[in-house]
Amino acid sequence: MERQPDVSCLESDVDLSHYFSMAEHLYKSGRKQEAVPLFRHVIDNVKDTRYPQYIMSQFRLFQSLIGIGSEENKEALTRFESHYLYLPEDVKLDALLQMANVYYTLWDWKKVERYADELRTLARTIYDRQLENKKNNKLPEILQSERHLVVYYGQGFLLKGIALTMQDRCEEAKRYVSEYSELGWFEFLDEIGHKEVEKFRIWGKANMYNLELKCGNDKVLTELSEFLDENPIELLPSLLTVIESANMYNFKIDEFLDKFCVKLPPINTSVTYINGTQLFHFWYEKAVYSFRNQQMITGLNELLYALYLSQKTKHYSGFERCVSLFAKHIDYATEQQKWHYRNLLEGVSDL
C-alpha cells in the first residue's frame with residue numbers, strides 16, 4: 001500500500017502547480033482522500049479566484065468531501081458555494097449538478113430549484129453554441145464535463161420538476177417532466193447520449209405517475225405497479241411518493257406495499273447519499289402509515305429502521321423526528337424494541 005503524500009515534507013519552493021498536478025493525478029486515480037491535503041495546500045497558499053488551479057482545487061475538495069452525511073455535505077457546500085461561478089463553463093455543469101443533488105438530500109427545494117434553473121440555462125447556452133459552430137463549419141467544442149451534455153440539460157428539468165413537486169406545485173412540475181421525457185430531438189447524440197435519453201424517458205414516465213399520486217389520484221397505482229415490474233430501478237423514489245401520498249390522502253395501499261417493500265435494499269447495505277435519504281424518509285412515512293392503521297408493533301419496527309438510517313446518514317433532524325414519534329408510541333413497544341431503541345440512542349447502530 002502506497003503511503004499518502006505528506007504535504008509538510010515537500011520542499012517549500014516547489015511550484016504550486018506541481019501540488020495541483022499531483023492532487024489531480026490522485027483524484028483521477030480514485031484516491032480522493034489522499035488528494036485532499038494537496039488540494040487544501042493549493043487553496044491555503046493561493047486564495048485568489050483568478051488562479052484557475054485554486055478554483056479547481058476548491059471544486060475537487062468539494063467533490064471529495066461530499067458523501068453520506070448531511071452535516072458533512074452542508075460543510076462542503078458552505079466552503080465551495082461562493083466559488084462555482086469562477087469555474088470554466090463545462091466544469092460548472094458538473095458543479096451545478098452536484099450542488100443541486102446535495103441540496104436534494106438536505107430537502108432544500110428552493111436551492112434545488114435555483115441550481116436546476118442555472119444548470120438548464122447553461123447547458124442550453126453551450127448546446128446553442130455548438131449548433132452555431134456546426135452551422136458555420138467550425139470545429140466542435142470539446143467539453144471537459146464528466147457526462148454527456150444532454151445529461152445536464154435533462155437533469156435541469158428533472159431536478160426542477162422534483163423541487164416543484166416537493167413544494168406541492170404539481171401542475172407546474174408536469175411541464176418540466178414533459179420536457180425531459182422526450183429528448184430525442186437533441187443533436188450530437190452518440191451511443192451514450194441515446195442511452196441517457198432513454199433513461200430520461202423512463203424517469204419521466206415514473207414521475208408522471210408520481211405526480212398523479214401527489215395530486216391525489218390513486219387510480220394510477222395499477223399502472224405504476226406494472227411499470228415498476230418492468231423498471232425496478234425506479235422502485236425506491238416511486239415507493240416513497242406512494243407512501244407519502246397515502247398518508248396525505250388516506251389511501252389504502254397494503255397490497256401495493258406487500259408486493260414491493262420486500263424488494264427494497266436492506267437498511268444495512270451500502271447506499272449513496274441520495275438513496276440513503278430516500279430510504280430514511282420511506283421508512284419514517286411507512287411507520288406513520290402503520291400507526292394510522294393501528295399496526296403499532298409493525299410501525300415501531302419501521303421507525304427503528306428510520307432511526308438507524310438517520311444515524312447512518314447523520315441526518316440529525318430526522319433522528320430527532322424519529323425519537324419524538326417513538327416517544328409517542330413507546331407504550332406499545334415490546335421489550336426487544338425498547339432495547340434496540342436504547343442502543344440506537346447510545347450509538348450502537350446494529351439492528
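Guide: Leu65 sits in helix α3, residues 52-65. The model is a predicted one.

Visitor: Why does Leu65 count as partly exposed?
Guide: Its relative accessibility is 28%. Buried needs under 20%, and exposed needs over 50%. Leu65 therefore falls in between, as partly exposed.

Visitor: Which residues is Leu65 in contact with, leaving aside neighbours within four places in sequence?
Guide: Arg40, Glu72, Asn73 and Ala76. A contact here takes heavy atoms within 4.5 Å.

Visitor: How far apart in space are Leu65 and Lys32?
Guide: 8.8 Å, C-alpha to C-alpha. In sequence, 33 residues separate the two.

Visitor: What share of the contacts with a separation of 6 or more comes from residues 24 or more positions apart?
Guide: 65%. As for burial, 51% of the 351 residues count as buried.

Visitor: Which residues touch the most other members of the largest nonpolar core?
Guide: Phe59, Phe62, Phe80, Tyr84, Leu87, Leu93 and Met99, out of 67 residues in that core. Helix α7, residues 149-166, gives the largest share of this core, with eleven residues.

Visitor: What does Leu87 touch, not counting residues up to four places away?
Guide: Ile55, Met56, Phe59, Phe80, Lys92 and Ala95.

Visitor: Where do Leu213, Leu304, Leu325 and Phe326 belong?
Guide: They are among the 48 residues of another core, which lies apart from the largest one.

Visitor: How do you find empty space in a model?
Guide: A probe the size of a water molecule is rolled over the atoms, and that shows where empty space is left. The largest pocket here has a volume of about 1,200 Å³.

Visitor: Which residues lie nearest the centre of the largest pocket?
Guide: Tyr104, Leu158, Ile162, Ile274 and Gln278, out of 43 lining residues. By class, the lining has 21 nonpolar, 14 polar and eight charged residues.

Visitor: Which helix gives the most to that lining?
Guide: α7, with eight residues. Helices that each supply at least two include α5 (89-105), α9 (191-214) and α13 (273-292).

Visitor: Why does Phe188 count as partly exposed?
Guide: Its relative accessibility is 35%. Phe188 is in the loop between α8 and α9. Phi of Phe188 is near 65°, again positive in a residue other than glycine.

Visitor: Where does pLDDT stay under 50?
Guide: Over residues 5-13. The model has ten contacts beyond four places in sequence for that stretch. The chain averages a pLDDT of 91, and 95% of the residues score at least 70.

Key:
Residues numbered from 1 in each chain as written. Predicted model: local features only at pLDDT ≥ 70, side-chain atom pairs only at ≥ 80, totals over all residues. Heavy atoms only, no water. Core = buried A, V, L, I, M, F, W, Y, C linked by side-chain atoms within 4.5 Å. Buried < 20%, exposed > 50% of the residue type's maximum accessible area, 1.4 Å probe, protein only. Helix = DSSP H or I, 4+ residues; strand = E, 2+ residues; numbered from the N terminus. 1 Å grid on protein atoms, 1.4 Å probe; cavity = no way out; pocket = protein on both sides within 12 Å on 5 of 7 lines; lining within 4 Å. Points joined across faces, edges and corners; volume = space filled by probe spheres on them. Nonpolar A, V, L, I, M, F, W, Y, C, P; charged D, E, K, R; others polar. pLDDT = per-residue confidence, 0-100.
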